[in-house]
Amino acid sequence: MSDISPEAPPVDAAALRALLTWYAEMGIDDITGDVPSDFSQWTGSARKALPPVAQSPQQAPRAAPTRSKPAPAPILPGDDPLPADEAIAAARAAAAAATDIESLREAIAAFDGCPLKPGARNTVIDDGIAGAPLMLLGEAPGREEDRIGRPFVGRAGQLLDRMLAAIGHARQEGDLAPAYISNAIFWRPPGNRAPTKAEIAICFPFVARLIELNAPKVIVTLGNTPTQTLFDNAGGITGARGTWRDHATAGGAVIPVLPTFHPAFLLRQPAQKRLAWADLIEIRKRLRS
Ligand code: URA
């Protein structure tokens with residue numbers, strides 16, 4: 001690969017286009033970090049997180065490049081900045097001002113306070129039938145969802161649709177009972193990393209308002225992130241799944257919530273489908289009560 005360090009001579013537009021085309025052909029078509037990061041400048045814990053670089057004995061050690069301005073420190077999972085109080089306050093105000101699902105969707109799409117938004121192709125809000133008695137809450141859009149702009153359109157979404165059909169629900173209009181789907185986060189985290197606590201807190205006022213305006217009979221949280229978004233003290237999904245909890249809306253309504261495994265986890269661990277099936281039966285029972 002050519003050297004594109006700051007000391008390299010400026011490249012012309014055609015060369016840059018050729019480089020990008022080559023990246024795309026090699027399958028490098030996605031960002032994996034929040035900010036561009038010069039690996040040669042990584043220090044301390046960030047450098048320790050890197051796998052060791054294999055060096056051939058012929059390679060002479062390279063002198064560290066000099067630069068006038070240091071590269072920004074890479075943002076790594078778990079390096080949460082302090083919760084962005086102003087963004088959370090703005091999200092609360094925008095969410096509270098929305099009086100129906102449509103105006104809430106517009107408010108989410110117009111919101112610029114989440115640091116994930118600039119790196120995402122689309123704002124991914126919801127799918128299915130608003131006002132359905134069954135509301136499912138996932139984690140965050142992945143690559144396909146980001147591309148298409150709808151939640152759960154990849155393999156995990158296909159499994160989710162089969163799980164819903166097994167208890168007589170669907171997100172499309174038709175013969176089955178309706179379901180409504182959203183996520184704890186509305187913008188794809190780079191490289192599908194887990195969302196940070198600050199990102200979750202910034203999106204939460206919108207999630208809470210989506211729940212309130214949809215007023216479902218039952219909420220199902222899929223995996224750790226949405227479960228811990230609604231319940232600080234939920235712990236891991238393996239312990240939390242299968243036990244009902246209550247979500248209280250700002251208006252005072254109490255909605256039963258059943259945490260279960262995320263379909264992406266079930267694709268990796270099919271043996272856990274047995275427990276997910278037990279959860280689905282619980283959900284069906286509650287919906288019909
Ligand atoms: N996983 C999620 O949690 N949500 C999506 O929308 C897609 C995959």
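Rings of Phe, Tyr and Trp (its six-membered ring) pair if their centres lie within 6.5 Å, with planes under 30 degrees apart called stacked, over 60 edge-to-face and the rest tilted. Across the whole structure, a search turns up 4 aromatic pairs.

Before selecting anything, a word on the model. Residues are numbered from 1 along each chain as its sequence is written, and side-chain values use heavy atoms, without hydrogens and water. The protein averages a pLDDT of 85, and 75% of the residues score at least 70. Over residues 50-82, pLDDT is below 50. Where pLDDT is low, the predicted coordinates should not be read in detail.

Now select Phe 111 and Phe 206. Their ring centres are 5.1 Å apart and the planes stand at 70 degrees, so this pair is edge-to-face. Both residues are buried (under 20% relative accessible area; exposed is over 50%, partly exposed in between; 1.4 Å probe, protein chains only).

Ring pairs link Phe 111, Phe 186, Trp 187 and Phe 206 into a cluster.

Last stop: show Arg 286, which lies over the face of Trp 244, 4.5 Å from the ring centre (the cut-offs are CZ of Arg or NZ of Lys within 6 Å of the ring centre and within 35 degrees of the ring normal).

Terms used. Predicted model: local features only at pLDDT ≥ 70, side-chain atom pairs only at ≥ 80, totals over all residues. pLDDT = per-residue confidence, 0-100. Contact = heavy atoms within 4.5 Å.
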